[in-house]
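Try each task first, then follow the solution step by step.

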Amino acid sequence: MSVVWIHTVNANPLAVKTPQVPLSSNEQINNVVKLNQSEQAKRFGLSVDEWQRYEAIMQSSLGWEMQKSHPIAVLGRTANTRAEREKYAELLVKHEYQLAEGLLAFNNARTQAWKHLYPNLPIIKSNAPERVALYASPSCQDCGALIQQWRSKGSKVDIYFVGKNSDSALRRWAMEMGIRQRDVESKEITLNHDDGSWLTIAGAKPTPVSMAKNKAGIWSFVTP
């Protein structure tokens with residue numbers, strides 16, 4: 001009997017794979033940049049387009065004046081419409097609120113921890129003054145952070161606005177700095193136009209400058 005060899009054809013031949021072309025160095029860099037921009041935008045509650053606009057501003061001549069400003073404050077200060085300014089002001093206030101609430105909550109926790117661990121010892125209080133006079137100007141870049149530093153130490157802040165005797169300019173600046181309305185209403189922070197004391201008491205020192213009275217009622221320069 002003869003043997004018949006049957007040759008079968010593979011019904012499912014391996015598909016031919018198209019070789020992948022490796023990304024060029026520029027394409028790889030662009031992908032990393034886009035990913036980084038997306039992460040940064042999400043971190044501040046912004047869109048990628050808004051973050052790219054922020055980066056463009058910081059690379060311009062305007063950015064030179066705002067190197068230490070919060071990204072949301074930069075967008076707010078360079079906004080083209082009132083609606084945009086209000087949007088960024090509210091977004092910045094939310095960020096500042098979360099920061100302030102965290103600081104206050106931690107201070108309360110610290111007080112409770114001291115009472116629990118050392119109930120017979122007095123709580124060590126901060127050496128920070130009860131009230132601070134802070135001289136600020138429209139171009140002040142560090143004022144928002146400085147205000148939060150003083151508030152985190154329990155100091156109340158009396159802000160004296162130098163350079164523009166305009167209520168609307170002062171209110172707009174306060175919003176950009178993340179100052180909360182409830183702090184103003186409770187007198188934790190007061191907003192005032194400079195009455196000339198920046199020149200006579202602070203010696204026209206570049207803003208921001210903080211001053212406080214000692215027990216003898218004498219003004220002196222202070223830092224957080």
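**Exercise 1. Find how many cavities of 30 Å³ or more a search of the whole structure gives, and list what lines the largest cavity.**

Step 1. The search returns 2 cavities of that size. A cavity here is a set of points on a 1 Å grid over the protein atoms alone where a 1.4 Å probe fits but cannot get out, and lining residues have an atom within 4 Å of a point. Grid points are joined across faces, edges and corners, and a volume is the space filled by probe spheres set on the points.

Step 2. Before going on, note that this is a predicted model, where local features need pLDDT of at least 70 and side-chain atom pairs count only at pLDDT 80 or more, while totals for chains, interfaces and linings use all residues. Residues are numbered from 1 along each chain as its sequence is written, and side-chain values use heavy atoms, leaving out hydrogens and water.

Step 3. The largest cavity has a volume of about 80 Å³. Its lining consists of Ala100, Leu103, Leu104, Gln148, Arg151, Ser152, Arg180 and Asp183. Two or more residues of this lining come from each of α5 and α6 (143-152); helices (H or I, at least four residues) are DSSP runs, as are strands (E, at least two), numbered from the N terminus.

Step 4. Sorted by class, the lining has 3 nonpolar, 2 polar and 3 charged residues. In this scheme Ala, Val, Leu, Ile, Met, Phe, Trp, Tyr, Cys and Pro are nonpolar, Asp, Glu, Lys and Arg are charged, and the others, Gly among them, are polar.

**Exercise 2. Describe the second largest cavity and say which element gives the most to its lining.**

Step 1. The volume of the second largest cavity is about 40 Å³.

Step 2. Its lining is made of Ile147, Gln148, Arg151, Met177, Gly178, Ile179, Arg180, Asp183 and Ile189.

Step 3. With 3 residues, α6 is the element that contributes the most.

**Exercise 3. Is α6 largely enclosed or open, and why?**

Step 1. Call a residue buried under 20% relative accessible area, exposed over 50%, and partly exposed in between (1.4 Å probe, protein chains only).

Step 2. Because 7 of the 10 residues of α6 are buried, the helix is largely enclosed by the rest of the structure. Among the buried ones are Leu146, Ile147, Trp150 and Arg151.

Step 3. After α6 comes glycine 154, with a positive phi near 90°.

Conventions
On a 1 Å grid over the protein atoms alone, a cavity is a set of points where a 1.4 Å probe fits but cannot get out, and a pocket is an open set with protein on both sides within 12 Å along at least five of seven lines; lining residues have an atom within 4 Å of a point.
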